[in-house]
Amino acid sequence: MFSYTIRRLLMLIPVLFGMTFIVFFMIRAIPGDPAQVILGQLATEEAINNLRAELGLDQPWFTQYFEYLKQLLTLDLGESLRTRTAVSEEIWPYMAATFELSFVALLIAVVVGVNAGIISAWFQKSWFDYTAMVVALVGVSMPIFWLGLMEQWIFSVQLDWLPPSKRENVKNPVETITHFYLIDSLIQGRMDQFVDVVKHLIMPGIALATIPMAIIARITRSSMLEVLRSDYIRTARAKGQKMFWVVYKHSLKNAVIPVLTVIGLQTGLLLGGAILTETIFSWPGIGRYIYNAIEYRDYPVIQSGILIVATIFVLINLIVDLLYAFIDPRIKYN
Amino acid sequence: MSESSVLQVNGLKTSFFMDKTEVPAVDHVDFDLKQGEIIAIVGESGCGKSVTSLSIMGLVPHPPGKVVGGEVFFNDEDLLKVSESKMRDIRGNEIAMIFQEPMTSLNPLFTIGNQITEAILIHRKWSKKQAKAKAIEYLKLVGLPRAEALMNEYPHQLSGGMRQRVMIAMAMVCEPKVLIADEPTTALDVTIQSQILALMKRLNQKLNTSIILITHDLGVVSEICERVIVMYAGKIVEEADVKTIFEHPEHPYTKGLIQSVPDIRNKKERLYSIPGNVPIPGSIKKGCRFADRCEFVMDRCREKTPELISIEGDHKVRCFLHQESEEQN
């Protein structure tokens, strides 16, 4: 298991190397010039050329690429062209914002999705099953921007129950320590701020959770249906075990592996692909950070941001693979 | 051996509902099981043997299956009428069951120890330590070596024979009054088969557990059973003690089954087999269900269903051949 983990971590290197290569050349292939964006429409040719030389953008692409790789080898993620701060310094608050939102979304998706899947499987062909599966189908095909706007319109505009956007009440900001506002407000004992942060998390959390929740519900249902027919479930019932434990102990553990796979993949999508949700809810997360960087052709931020998201994605799926062996003793990694 | 019966099945009827049509899988089955007795329910696949046992346990897969009539008396209570929670107290505790497929009947993700102690802790308010000691005791009782180490192993690390022993240990650990064994040896090879049967016989003698053995293998029956019930297409066609069944089988179906047992001394002849197949449940609306495959079939067999009648002591047969002889006598 240990050597497998090491091998998988080593495999990260070529993957990330390939990532840097693709991202580096792709962002340079799209039209637009950072120097032009920074200096504006009215800048002179000379000023632009000077800035390009200063930023090293006048060098041939491959020279720039090798410079970038050399930087990365010293764990230097580069400096934002726009703000002139190190990416490694300014990226954390954005990552924390995304992690917090993704965590809440995943919590909703897993708790609701898994349980809906279980109940649907147990009461197969009941009204609950039909309703849940139709809702799941709608959920999978729901455009997130539309769902987000509807949430805002109903719960903020019409009912005025929840704040429409952002992470916190700007008039009463959380003093940041870890940049996870839930944690920060708790360790400072500011319950008012904690409640406020929770309120801000509900709508984007639900919007972000919708698609994973629907997928998880459907996968759980089909996986549970398979397991509930197996002989060992009959054995568990023949022992006189209660329905609850037959389902949540004997069945769920057997049904959970495909569900875990989906959760792993969806987590990656949540972390990287939450741009729509983050934009609608003005959520200062990593998706928006990279999106803004693309607008400004802020090459180092785009490259490093995507690299970090990719690393997290690979790591999460490694953890999922390791969990398989933890759940199923028949799975061995050698 | 006491003569009091522990389990009494009267007119049990279990049907499956497919597209709103009722297909009876078990049709008015009556039998009783005495304390410490081993009876066999014999028949080909699809005769309703397993459904009978699942009906007693209240484990008929529903939908589509449902017990639609009859009574199952155990401890002066009709198991078909008691609540689900009462039934859970009985399952595994007073009536336990082992299944045909030892390879798939144990949960692959939990240790043997976890699964056996679970069976104890559902029904006994014991500490985990007590339950563990009891589990080890029973693993030893069913003849498994290195019982302590086995507690921490997973089913996939065990052979089929060992898994079936674990299943038996798990079923017996609460010392049930009745053990239902649904084809416990079918999936095992022959040497293991006789070991498992010997084990069941030993447990029966040691703990005075009554056993219902469900099988299609008459060899198994002759080894350990005292009384045999032959089922065909959901109905009992013959019932007698084991000696009578083998020496004087009366129903043509029983005769056919006994003739189909290979005999090592009989090398020349081709092994007998009953022509045709078990009818699809519900396909025969009137007459004797065996009529189409019976070599002694008469006109009245296709018109009326014969009754199960006693021809000599406890020997009961459902066949017009014997009803006639009875009437003539």
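## Stop one: a helix pair in chain A

H11(A) and H14(A) run roughly antiparallel to each other, and that label follows from their angle, which is over the 145 degree cut-off. Before you go on, keep in mind that this is a predicted model. To see the pair, select residues 243–272 of chain A for helix H11 and residues 299–327 of chain A for helix H14; they pack at an angle of about 170 degrees, with their axes 9 Å apart.

Now show the side chains in between. From H11(A), the contact includes A:Lys253, A:Val256, A:Ile257, A:Leu260 and A:Leu265. Facing them from H14(A) are residues including A:Val309, A:Ile312, A:Phe313, A:Ile316 and A:Tyr324. Colour by residue class and the contact of H11(A) with H14(A) splits into 14 nonpolar, six polar and one charged.

## Stop two: another pair, another angle

Next, pick residues 127–140 of chain A (helix H6) and residues 191–228 of chain A (helix H9). Their axes come within 8 Å and cross at roughly 140 degrees. H6(A) and H9(A) are therefore oblique to each other. Turn the view and you'll find that H6(A) passes H9(A) in a left-handed crossing.

Which residues make the contact? On H6(A), select A:Asp129, A:Met133, A:Ala136, A:Leu137, A:Gly139 and A:Val140. By class, the contact of H6(A) with H9(A) holds eight nonpolar, two polar and three charged residues.

## Stop three: a salt bridge inside chain A

Zoom to A:Asp33 and A:Arg52, whose side chains meet in a salt bridge (2.9 Å, N to O). A:Asp33 sits in the loop between helix H1 (2–29) and helix H2 (34–39) of chain A, while A:Arg52 belongs to helix H3 (residues 45–55) of chain A, so the pair ties together parts that are 19 residues apart in sequence. Over all chains, the structure holds 26 salt bridges.

## Last stop: where chain A meets chain B

Bring both chains into view. The contact draws 18 residues from chain A and 27 residues from chain B. About 2,200 Å² is buried between the two chains, with carbon and sulfur atoms giving 59% of that area. On the chain A side, highlight A:Arg234, A:Ala238 and A:Lys239: they lose the most area to chain B, together 28% of what that side buries.

How many salt bridges does the rule find across the interface of chain A and chain B? There are two. To finish, select A:Lys249 and B:Glu118, whose side chains meet in a salt bridge (3.6 Å, N to O).

Conventions:
Residues are numbered from 1 along each chain as its sequence is written. Chains are lettered from A and ligands numbered from 1 in the order in which they are written. This is a predicted model: local features need pLDDT of at least 70, side-chain atom pairs count only at pLDDT 80 or more; totals for chains, interfaces and linings use all residues. Side-chain values use heavy atoms; hydrogens and water are left out. Axes are lines fitted to C-alpha atoms, for helices over the stretch in contact, and angles run from 0 to 180 degrees between N-to-C directions. Helices (H or I, at least four residues) and strands (E, at least two) are DSSP runs, numbered from the N terminus. Angles under 35 degrees count as roughly parallel, over 145 as roughly antiparallel, 65 to 115 as roughly perpendicular and the rest as oblique. A crossing is left-handed if the near helix is turned anticlockwise from the far one by less than a right angle, and right-handed if clockwise. Contact means heavy atoms within 4.5 Å. Ala, Val, Leu, Ile, Met, Phe, Trp, Tyr, Cys and Pro count as nonpolar, Asp, Glu, Lys and Arg as charged, and the others, Gly among them, as polar. Buried area is the accessible area (1.4 Å probe) that two parts lose on being put together, summed over both. A salt bridge is a side-chain nitrogen of Lys or Arg within 4 Å of a carboxyl oxygen of Asp or Glu.
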